[in-house]
Amino acid sequence: MPTFDEFAPIGALLILSVVMVALITIISRLFGPYRPSLRKTAPYESGMKPIGPAVRRFPVRFYLIAVLFILFDIEVVFMLPWAVVFRQLGLFALIEMVIFIAILLVGYFYAWRKGALEWE
Amino acid sequence: MQLPSLSELNLGLTVPALSLALWACILLVIDLFIPRDRKSVTAWLAAGGVVFAFIANLLVYRDPGVAFMGLFVADEFAGFLNIVVLLTAFIAILMSVDYLKRTGIERGEYYVLLLMTTSGIMFMNSANDLAVVFIALELLSIPLYVLAAFRAPEERSEEAGLKYFILGAFASAFFVFGAALIYGATGSSSLPVIVDAVGRALAGEGSSLLLLLMGSGLILAGLGFKVAVVPFHMWTPDVYEGAPTPVTAFMSVGAKVGGFAALLRILLVALPALTVAEGDAVAGWQTATWVVAALTLILGNIVAISQTNIKRLLAYSSIAHAGYVLMAVAAAGTPGVSDQATRAALIYLMAYMFTNLGAFAVAMAIEKDDGSGTSLDDFKGLGRSRPLLAAIMAVFMLSLTGIPLTAGFVGKWVVFQATIEAGLYTLAVIGVLTSVISAFYYVRVIVNMFLEDGEGDPAAAATPYVQWAIYLTFAGTLVLGIIPSLVTNLSGPVALAVASLVP
Amino acid sequence: MENYPQLVPLIILIPALGAIINMLVGARLTERWSSLIATTASALSFVIAILLYSYLHASGYQAAIVNPPVLQDWILIESLNINIPWQLRVDTLSVTMMLVITGVGTLIHIYSAGYMHGDPRFSRFFVYLNLFLAFMLILVAGNNFLVLFVGWEGVGLCSWFLIGFWFDKSRGIGWKNANAARKAMIANRVGDFGMLIGIFLTFWTFSTLDFYRPGEIANPHAGEHGAAVEHVEAATVEGETAGEHGDEHGDEHAAGPVYTDNEHIPTEQLGVFGQAERMLALPEGDPGRTVALGPFRADIVAVLGLITFFFLIGVTGKSAQIPLFVWLPDAMAGPTPASALIHAATMVTAGVYLMVRSNVFYAAADLTSLLVTIIGVATALVAGFVALGQWDIKRVLAYSTVSQLGFMVAAVGIGAYGAAMFHLVTHAFFKALLFLGSGSVIHGVEHGHHETHHAAHGDGHAGEADEFDPQDMRNMGGLASRMPVTYITYLIGTLALAGIWPFAGFWSKDEILGDSWVAGLVNNELGGFIALAGLLLAAAFTAFYMWRQVELVFHGRPRTEAAAHAPESSLSMLIPLIVLAVFSVIGGFINLPGNAAIPTLGLDAVLGVHQFGSFLEHSVVNIHAADLQPLIAIVALGLAIGAILMARSIYGLNRGVTADRRDVLEANASFSRMWRLANARLYWDETYRRLFEQPFNRTSQFLADTLDWAFWHDYVHDTIIAKGFRAIGTLLSQPVDLGLIDGVVNGIGRLMRWASGGLREIQTGYVRTYAVSVLLGVVVVLIILLLPYIQRALASGN
């Protein structure tokens, strides 16, 4: 039977975060100048318009970079568990990982040569 | 944890498939240093890789074994299908060299992707584990998605690639779901292990029979999509029409080979005894394959009649041919016939490979640079302007119809034989009747070529490599048709290998 | 030497090969090579024919049957006991024909090389000539009626090729040539129909078509009379076991017993003639004599009468006899060498050969034989008469050929098979000679015309040139001095044809006359009388028209510039003329009569008498060795000389052609009508046109325009069928169609459209549709898979 004590840190964290948010909002309101405009009052002020067609033009470079990012990010996901048990697995796993990375490197090299990493 | 030593992996057996994948990676890098106007070098390097894999495959062919701790099996079944696939890849490369050049889409990645997908099919042929099947399936599919869209920014090609990708992913999901259900029911993804679990399930130990049946149905659907059988076929005409012609040719044969290889192996190695209750004579999936095959035959052949574009016509015809192979699969569900039926399927695939590739090669020879010229009307008068080409095309059409002395006849003959042997008389009758229907649209091509007036296309570009492809497939069609014993004997032990290689 | 008969396939193969070579590469060869190949092929065949003769001579004239290698069986249905092999026969009759065909053929090949010089289709001409030789040799070498028929049709085909050879000449001449070819083809078709029926009947009667079977002796009595020929009979040479065992080889004929007759062979294993003889030998009323033809049963004699009658129809076509002879004069449209070879020396004698070959049949069929006699005599007379009034040099010869063929046919009719063959051989010599001579004349006149024309106009443009007919005898005259070699050889040919002693024609023609004397006056046969009277008259005609020709062509003064400048022909044309002239002189000596009353220049002591007859005797059972009758010979000779003198007195000394280019007889009031009748060819063609062509055309017009088009299409289709349908349609559409039928029919229609095109509409192109269809498919598959499971679960639950 779990006691209330066990959930005490979570409760503390919850209270702390609420207090913090309230505090910051109130302080900035008290001390900061307040000159609202349409653009400023929009949510996600620095981003795109929140309302409008979902499909819209986007520089394709974003996609390229994003795809490459995911590709090489996944690489890390594979490497992490491998690294944890590396000592137990030994040489065989090392070779496997070298092959894996080599294949990824081929892709990386390809992307590089093709100019996929250049912004302009 | 007990890890295998290198020698235990039996890497030698995997050389044909692995070498191709590896070569694809290396070629990707090499290609970067080949100037734009000399991309045919890449083509020949890729072809060299295929030839190497072919030779390696021949060496492995008669020496069956298991590699990667049972994940990968190199038996004669796989060897035979590898031959078919590698020939397909080789012919596709021959067809591509000039085609890419004249349609302005000559890029080295094309050949790399082709090698990738070929190796994927080869892994598929050898996969002995549901997980490997899935990985091979993706290795097969993803390059094909790209290849289908290779003619971008041409709209139809982009559309083809996208459609194929979305629906392919959808179908893959079904496959994975099916594999997961079977894993859940049996506790293993290894096909030979699943067999035992199925036996236990039938004996009433555990209540996993429902999961097994559902799993097999979903796998049938997932692979059925790859081989384009009704009702999982709808992407086929659009994709076949939109994709560059050599890709279509490759897809229509290669993807089917891989799909059927996996289907046959899963159904015959893992689920041969999967019945509703212990003691049933035939496998539980027979009825489903039966129905799908019948639907495929009827729909594929009937809809093909109203097609006016040769690539669409061949797309529907390829659907219909998948139906004939599926007839063999259905027949394999009857115990005792499975060997014969497997053999029939393999022979059919090889016959179909030669004939269909040839037909596509001819279609390509008269296709114009902008992708037009693929209407059936463009064949009018070809008999006069290009008599040899037209005559060869006529042979291909007759072979697709299944006229004796062509490979197509041999294929149909063995398939019908197996179907009748299995007692599926209605299916056999449907098969025969639909072959008769198919004659209608195949013969129409011949009629257009020889009996209709038209200027033909004097500029029809059968460049040397394409001509080689045509001659090669023509020779294959005739040799198979005239000396069927060549393959009927060759694949004699093949079917046995499926059963006997279970560790 | 005993293996020589094995060469007989080569005699056919070599000309065929020559034809093929010229056909394939002839257009690229020079004239010299093209003609050399063809001539060599022909000459080699001749050499083989001589070898075959020497075999016959050495083997005591025993026949050999040869199965050509590779082509062993032709029509072989063992279950029905039908076996018609590609068998060839080497016996005295076939070798005689081979010698004539290849000998004369070779000479004509040589001649053609000169005659056809410069023709745009030079090599093709030789293709046809060689092809003709091959087929003609098949015809004479075949050992059964069907092989014979292959040759029979083949030579007809070549004849058609060659008659129409100049189908592309301008000014309608090409049309005329093509029509002549067609006429020949059609007339022969009529004959071939009879021939085929005859062959079918033969097969029906005897269950075989073989003339003689291997081991069978054609005439066991040969050599018992006539010349002292050592009589040795044995089995045939190698390959004789037709269609039974191909592995038996030559040496066993030495081992087996030597038979001198056919008694040891069962009747059903004999050839047609052997069987016929057996049946005929049976006493009247014996059941073995009856032949069952379907529901009818007939005596063998009646059946043979029928068979021979149908063969006769074939003969009248091929050998240009009444009523089918009309094609032969027109056939002169072909190049002259072809006329000489095909339409004088060889092909047209095929009918005579057929009848002589079937002598067993004809000898038994009295009625047909009488008909044969009548046809032959009538043909000889009619053609001889028509020849009197022709201007075309080749046309005269053509009718002369028809007339002489009439002699041969009549000889067959009265049973004088040997005489018929004898006349066939000699006629081949002198008629080929005459034709080639006429060709030389035409050639010369043509050249003379060109020369004068050239001189006159300088540039030689056309104009009147094409109206000039180099074959019209009115344009000739006085050529004797311009063309001396042609003249002398032509003269020899004329005398031989007219039957002047001692030229070849005398011996053969008078033997026919002698035989008809025997048949008529000694044996008291009707045919004999007819033949004797008719042929004597015809012989007189022959001498008259031939001399008229000599006078018009060679004697007197040239009537045109062309004739005045005609040059002598080239050597390659003259050599064959000379050779043939020699044979026209000595050809008759091969069968000297045994009658001392006829002077033989003492040659009978050297050459023996009746040599040819006793040679043929080994193949022809019913040969006669009738001697020349001195009386008849004298009468015939007298008639011939009288006719020549008459012709000389009428046509000699430039009197032949009047100033208005009419014949002197035409100008003469009392002969005018008769001459015009001959000139118009007795209105024979016109009669045919009236009797057959026009009714035929009218019938076909009626059938096509009235019956088929007006009645069937317009009336039946439009009125009965269309209107009827419309009526029924109206009837049905109102009450029935809108309700029941409409629903069903449209339903089916919709179904089909749905099935073929409609299914296409599902193919929307939207990925979402596809995805849904995949999903639905999965559901369907799962239901199918799970249904039995659920059923079972429910069943066990209950």
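Residues are numbered from 1 along each chain as its sequence is written, and chains are lettered from A in the order in which they are written. Because the model is predicted, local features need pLDDT of at least 70 and side-chain atom pairs count only at pLDDT 80 or more, while totals for chains, interfaces and linings use all residues.

Let's start with chain B. It has 20 helices and two strands; these are DSSP runs numbered from the N terminus, H or I of at least four residues for helices and E of at least two for strands. Of its 503 residues, 65% count as buried, where buried means 20 or more other C-beta atoms within 10 Å of a residue's own, exposed means 12 or fewer, and partly exposed is in between, with C-beta atoms placed from the backbone. I'll call two residues in contact if their C-beta atoms, placed from the backbone, lie within 7 Å. Among contacts in chain B between residues at least 6 apart in sequence, 80% join residues at least 24 apart.

Now a helix pair. Helix 4 (residues 109-126) and helix 5 (residues 130-148) of chain B pack at about 155 degrees, with their axes 8 Å apart. The axes are lines fitted to C-alpha atoms, for helices over the stretch in contact, and angles run from 0 to 180 degrees between N-to-C directions. That angle makes helix 4 of chain B roughly antiparallel to helix 5 of chain B, a label for angles over 145 degrees. The residues of this contact divide into 17 nonpolar, three polar and no charged. Here Ala, Val, Leu, Ile, Met, Phe, Trp, Tyr, Cys and Pro count as nonpolar, Asp, Glu, Lys and Arg as charged, and the others, Gly among them, as polar.

On to the neighbours. How many residues of chain B are in contact with chain C? There are 35, and they meet 24 residues of chain C. Helix 8 of chain B gives the largest share of that side, 10 residues. By class, the side has 28 nonpolar, five polar and two charged residues. Towards chain A, six residues of chain B are in contact with nine residues of chain A, and the six on the chain B side are nonpolar.

One backbone detail in chain B: B:A228 has a positive phi of about 60 degrees although it is not a glycine. This alanine sits in the loop between helix 8 and helix 9 of chain B. Is B:A228 buried or exposed? It is buried, with 29 other C-beta atoms within 10 Å.

Chain C next. It holds 29 helices and six strands, and 52% of its 798 residues count as buried. Helix 2 (residues 31-58) of chain C has 28 residues and reaches 40 Å from first C-alpha to last, close to the 40 Å expected at 1.5 Å a residue; the expected span is 1.5 Å times one less than the number of residues. Just after this helix, C:G60 takes a positive phi of about 70 degrees.

Finally, the peptide bonds. Most peptide bonds are trans. In chain C, a cis bond joins C:I322 and C:P323, with omega about 10 degrees, and C:P323 is in the loop between helix 9 and helix 10. Another cis bond joins C:W501 and C:P502, with omega about 0 degrees.

Conventions: Angles under 35 degrees count as roughly parallel, over 145 as roughly antiparallel, 65 to 115 as roughly perpendicular and the rest as oblique.
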